[in-house]
Amino acid sequence: MALVEVQVPDIGDFDEVAVIELLVKVGDSVKAEQSLITVESDKASMEIPCATAGVVKELRVAIGDKVKQGSVVLVVEAAGDAVAPAPVAAPAVAPVTAVAPVAAAVPAAAAAPVASGPIHVMVPDIGDFKDVAVIEVMVKPGDSIKLEQSLITVESDKASMEIPSSHAGVLKELKVKVGDTVNIGDLLAILEGAAGAAVPAPVAAAPAVVAAPAAVATVAVAAVSTPVAAPAHNPTATPALGLPHASPSVRKFARELGVPLAEVQGKGPKGRITLDDVQGFTKSVMAGVVQTSAQKAKAPAPASAGGGGSELGLIPWPKVDFAKFGPIERKEMGRIKKISGANLLRNAVMIPAVTNHDDADITDLEAFRVSTNKENEKSGVKVTMLAFLIKASVAALKKFPEFNSSIDGDSLVYKQYWHIGFAADTPNGLMVPVIKDADKKGVLQISQEMGELAKKARDGKLSPAEMSGATFTISSLGGIGGRYFTPIINAPEVAILGVCKSNMEPVWDGKAFQPRLMLPLSLTWDHRVIDGAAAARFNAYLGQILGDFRRVLL
């Protein structure tokens with residue numbers, strides 16, 4: 001095993017950027033290109049990746065330290081025959097600091113042309129990044145724009161960065177909006193230049209950033225303008241209003257959990273929001289200690305509250321002194337029931353839901369399930385009928401994609417991923433873990449994951465991420481009993497499948513009655529998105545797959 005010093009690679013024309021977040025600790029196993037620390041300049045935050053895989057033996061930096069190219073971040077015990085990477089080669093062309101001398105050599109007539117008409121502002125060299133997302137627009141038409149003033153903020157998977165204006169003038173038209181993706185050379189804005197305003201000449205010989213060999217997040221700097229001195233980094237400064245002060249990895253984590261970063265109190269340097277802050281906020285919401293603004297605005301009053309229902313024009317909820325009729329015992333509802341109760345009430349009231357009932361012949365599939373469990377008895381993985389249902393549902397969702405969509409205003413969002421939630425009965429109430437990317441997993445892997453998630457649910461150890469992102473849910477009463485029921489859709493999904501206990505029944509085959517194992521199916525769907533014919537076809541197709549599972553391969 002070799003000890004390798006991991007250094008800060010070329011991060012462009014920035015010297016002594018501040019370390020604002022540590023993403024690993026001593027003893028962690030790290031992969032090549034895994035982010036180690038987050039650093040910040042006055043224009044961007046970026047994550048520094050690891051150049052080699054191994055185990056972290058020593059951290060050489062702490063939060064608040066200043067680092068630059070060549071600074072040692074940590075020491076890794078490289079795996080296998082891995083050796084330290086070769087030093088980062090010096091840039092082949094002049095860095096940004098060399099722009100001014102080069103510009104001085106340009107003839108005066110070319111160096112300072114006068115602009116009085118429309119000026120096209122392009123996206124400058126943003127390093128080795130393509131299709132970066134616009135996450136914030138900082139100006140609007142009519143604004144007076146200064147040279148080097150930031151126009152938009154973009155974000156890759158490794159860094160967020162501000163794109164500055166290469167010219168001064170009045171903003172006439174903005175060509176991008178939040179959610180768009182941009183690349184170098186894309187038209188960003190059109191300015192109206194003031195007569196006599198000097199416009200710096202392009203300097204082709206000095207690109208803004210030279211991409212390092214490692215996949216490091218580079219910082220966008222206008223390649224066509226003379227650089228200006230960056231203000232000194234102040235760890236105690238309060239962040240400006242606007243974009244929440246957090247690194248790309250924290251913002252991505254918050255998006256996955258559905259956490260509104262603007263409502264999270266950052267406890268890091270300069271009020272920066274950290275992973276711990278997001279996790280703490282999520283725990284507070286789950287515990288009912290705090291509510292997000294969206295919850296406050298949308299959550300209905302609990303059904304048991306006196307006067308509940310008046311918002312919908314209903315008569316008040318009845319208030320009864322139950323004790324006058326006989327002995328009673330009063331118990332506070334559990335936290336999970338309180339949270340899920342509000343969601344269920346909203347979904348039941350707001351979604352125009354319809355339920356189709358059908359039966360699927362699973363005689364052959366059940367025989368295959370039993371034989372599979374016998375063959376895999378030593379593996380410890382027990383295949384359940386629910387695992388087959390998840391796989392069959394994915395096939396049906398692919399054939400009828402509207403069932404894998406969600407309503408967003410006046411639009412439908414068709415998801416190109418298939419995450420299946422399944423209802424798990426726990427001592428604390430109903431919970432819905434999610435099998436992510438079920439289309440990419442076999443029945444054995446799905447069964448194993450279901451067992452692990454169900455155990456975590458019973459132990460109260462499910463994380464919010466393990467219960468989020470579902471595109472379709474299955475509620476199974478398993479072997480408890482019952483025939484059919486009407487499951488409530490789990491918004492923002494548009495459908496849910498309920499299944500009950502299978503029963504052996506006589507089925508007419510055209511000549512005689514044959515004993516067949518029949519599984520009751522109850523499909524509830526949102527009538528705003530799905531019509532009755534589509535729902536009938538979905539149920540029929542699902543039944544065909546369960547009757548002959550080879551159809552999954554088609």
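A quick definition for later: rings of Phe, Tyr and Trp (its six-membered ring) pair if their centres lie within 6.5 Å, and planes under 30 degrees apart count as stacked, over 60 as edge-to-face and the rest as tilted. A search of the whole structure finds eight aromatic pairs. One of them is Trp508 with Phe513, so select both: the pair is edge-to-face, 4.9 Å centre to centre with 65° between the planes. Phe513 is exposed, at a relative accessible area of 55% (exposed is over 50%, buried under 20%, partly exposed in between, with a 1.4 Å probe and protein chains only).

Before moving on, two notes on what you are viewing. This is a predicted model, in which local features need pLDDT of at least 70 and side-chain atom pairs count only at pLDDT 80 or more, while totals for chains, interfaces and linings use all residues. Residues are numbered from 1 along each chain as its sequence is written, and side-chain values use heavy atoms, with hydrogens and water left out.

**The whole protein**

Zoom out. The protein has ten helices and 29 strands; helices (H or I, at least four residues) and strands (E, at least two) are DSSP runs, numbered from the N terminus. Of its 554 residues, 40% count as buried.

**Helix α8 and its partners**

Now select α8 (residues 385-399) and α10 (residues 532-547), which pack at an angle of about 135° with their axes 9 Å apart. Axes here are lines fitted to C-alpha atoms, for helices over the stretch in contact, and angles run from 0 to 180 degrees between N-to-C directions. That angle makes α8 oblique to α10, because under 35 degrees counts as roughly parallel, over 145 as roughly antiparallel, 65 to 115 as roughly perpendicular and the rest as oblique.

Show side chains next. Residues of α8 including Leu389, Ala392 and Ala396 meet Phe538, Tyr541, Leu542, Ile545 and Leu546 in α10, where contact means heavy atoms within 4.5 Å. Phe538 and Tyr541 also belong to an aromatic cluster with Phe400, Phe403 and Phe472.

The contact uses Leu386, Ala387, Phe388, Ile390 and Lys391 of α8 and Val443, Ile446, Ser447 and Met450 of α9.

**Around Pro433**

Where is Pro433? Look in the loop between β24 (429-431) and β25 (434-435). Pro433 is buried, at 0% relative accessibility. Leaving aside neighbours within four places in sequence, its contacts include Ile420, Phe422, Leu453 and Met467. Pro433 and Ala454 are 21 residues apart in sequence, yet 7.3 Å apart in space, C-alpha to C-alpha.

Most residues other than glycine have a negative phi, and most peptide bonds are trans. Start with Asp437, in the loop between β25 and α9: its phi is positive, about 50°, and Asp437 is partly exposed at 28% relative accessible area.

Then go to Glu148, in the loop between β12 (144-145) and β13 (150-155). Glu148 has a positive phi of about 75° and is buried, with a relative accessible area of 14%.

For the last stop, select Ala491 and Pro492, which are joined by a cis peptide bond with omega about 10°. Pro492 sits in the loop between β26 (472-476) and β27 (495-499).
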